[in-house]
Amino acid sequence: MIKEITLQELDTERFIAEKVRGIRETVGDGIAINALSGGVDSSTVTLLGHRALGNRLRTVFIENGLMREGEAAQVAGWFRELGVTVDVVEARDEFFAALAGIADPEEKREAITQTFYRDVFGRIVKESGARYLLQGTILTDIDETIAGIKRQHNVFEQLGIDPQDAFGYRIIEPLIELRKDGVRAVGKALGLPSEVFTRIPFPGPALSARVIGAVTPERIETVRKATAVVERMLGNTGAFQYLAILHEDRVTGMRDGKRDFGLQIEVRCWDSVDARVAEPTQVPFDTLKTLALEIIRAVPGVVSVTYNIAPKPPSTIEAI
Ligand SMILES: Nc1ncnc2c1ncn2[C@@H]1O[C@H](COP(=O)(O)OP(=O)(O)OP(=O)(O)O)[C@@H](O)[C@H]1O
C-alpha cells in the first residue's frame, strides 16, 4: 500500500532533496533513462533525474507518429532551455505497423504499450546500457489501474509484470506518492516553465485514442490537423480539455458544388476538475460555427463537424 502525500503535507524542497538522494543511491555510478512525453509527470521526473544524475540520465522522446503538430520540437526546445538534452527517436513506422488492422480500443492500447516498452524503448535501453528507468507514475495511475478504469501503460507491478524480467531494467518511480497537484508543485519548484503546467491533458495512446476504427498515417494526419485547429480556437475557453475525434463513418456532404462522401470530426470540450466527471463546456454557438468552418477549411476531406453535449459519465473524455 503506497502512502499518499497530499498537497497540504508536501514540503517540496524536502521532497526534492529526498528523491534526489534516493535516485543517486539507487543508480550508484550507473546510467538511468527516462521517456519524456512533455506531460507534467514525465517532465517533472526528467528534471528530478537530471538534478540527481546530470548527464547520466538519458532522456528520450519517441516520435511515434501519433503526437500533435510540432510536438517533438516543442518539447525538446523547452528542455534545451533548461539545459537538458532530449533525444528524439524516430519510430513512426514501427508504431504504424503494430497498429495496422486494429480497430478495438483495448487492442490499440496493448499494441502501443508493447511497441513502446518491449520493442522501441527496450531497444533504446539495451543500447544505452541503462539498468534503471525513471518513470512518472503517480498515485492516480495506480488507483485507476487497480480499479480497472484505465489500463495505464506505465503501471506494471499491479498488472503482474516484472519489468526486470520483461524488459531488463528496474523502475524508479519518485512521484508515486503524489497526485497531479503535488507533481505540479514539485515541477514548479524544479523550474519547469508554466507552458508545461498549462498544457491540457493528452492521452498515452496519443492521437490513436482519437481515431475511431483503423489507425493509419493518413487518418492520424486528419485528426492531427483538426486537433491543431481545436487547440488554437478553444484555448481561450479556460476549459479543462478540448479535442477532435475522427469518426469511422463517412457522411454525405457538398464540396465545390458536388456531392462528397466525406469525413466527420467530433469536437469535445470539457469542464472538469480531475477528469473523473466532466460536463461539456458551454462554448458560444458562434465560436462553434467558426470552429467548424475552420476545421472544414483546414482539414482535407472533412464535410461534417459535430459537438459532443453528453456529460461524463456516460461519455468519456477521450474517444477510447
Ligand atoms: N512520445 C513519447 N515519448 C516518450 N515517452 C512517452 C511518449 N508518450 C508517452 N510517453 C511515456 O509514457 C508515460 C505515460 O504516458 P501518459 O500520456 O499516459 O502520461 P501521464 O501518465 O499523464 O504522464 P505525462 O504527464 O508525463 O504525460 C509518460 O509519462 C512518458 O514517460
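Predicted model: local features only at pLDDT ≥ 70, side-chain atom pairs only at ≥ 80, totals over all residues.
The domain assignment of the protein chain divides it into domain 1, residues 12-197, and domain 2, residues 206-307. Their C-alpha centres lie 28 Å apart, and 12 residues of domain 1 are in contact with 11 residues of domain 2. On the side of domain 1 that touches domain 2, α4 (92-99) and α5 (105-128) each supply at least two residues, and by class the residues of that side are 7 nonpolar, 2 polar and 3 charged.

The sheet can be taken next. It is an open sheet of 5 strands, arranged in the order β3-β2-β1-β4-β5, with parallel pairing. Its edges are formed by β3 (86-90) and β5 (170-172), each of which pairs on one side only, and from one strand to the next the twist averages 35°. Within this arrangement, β1 (residues 32-35) and β2 are joined in the parallel sense over 4 bridges, and A35 has V60 of β2 as its bridge partner.

Helices pack on this sheet. Helix α2 touches β1, β2 and β4 (132-134), and its direction makes about 160° with that of β1. Helix α3 (residues 71-81), for its part, lies across β2 and β3 and runs at about 165° to β3.

In general, a pair of packed helices is described by the angle between the axes together with the distance between them. The axes of α1 (residues 12-27) and α8 (residues 180-189) come within 10 Å and cross at roughly 80°, which means that α1 is roughly perpendicular to α8. On the α1 side the contact is made by T12, E13, F15 and I16, and on the α8 side by A185, V186 and A189; these residues divide into 5 nonpolar, 1 polar and 1 charged.

Methods. Residues numbered from 1 in each chain as written. Pairing = 2+ DSSP bridges. Axes fitted to C-alpha atoms, helices over the stretch in contact; angles between N-to-C directions. Contact = placed C-beta atoms within 7 Å. Parallel < 35°, antiparallel > 145°, perpendicular 65-115°, else oblique. Nonpolar A, V, L, I, M, F, W, Y, C, P; charged D, E, K, R; others polar. Domains from an automatic or database assignment.
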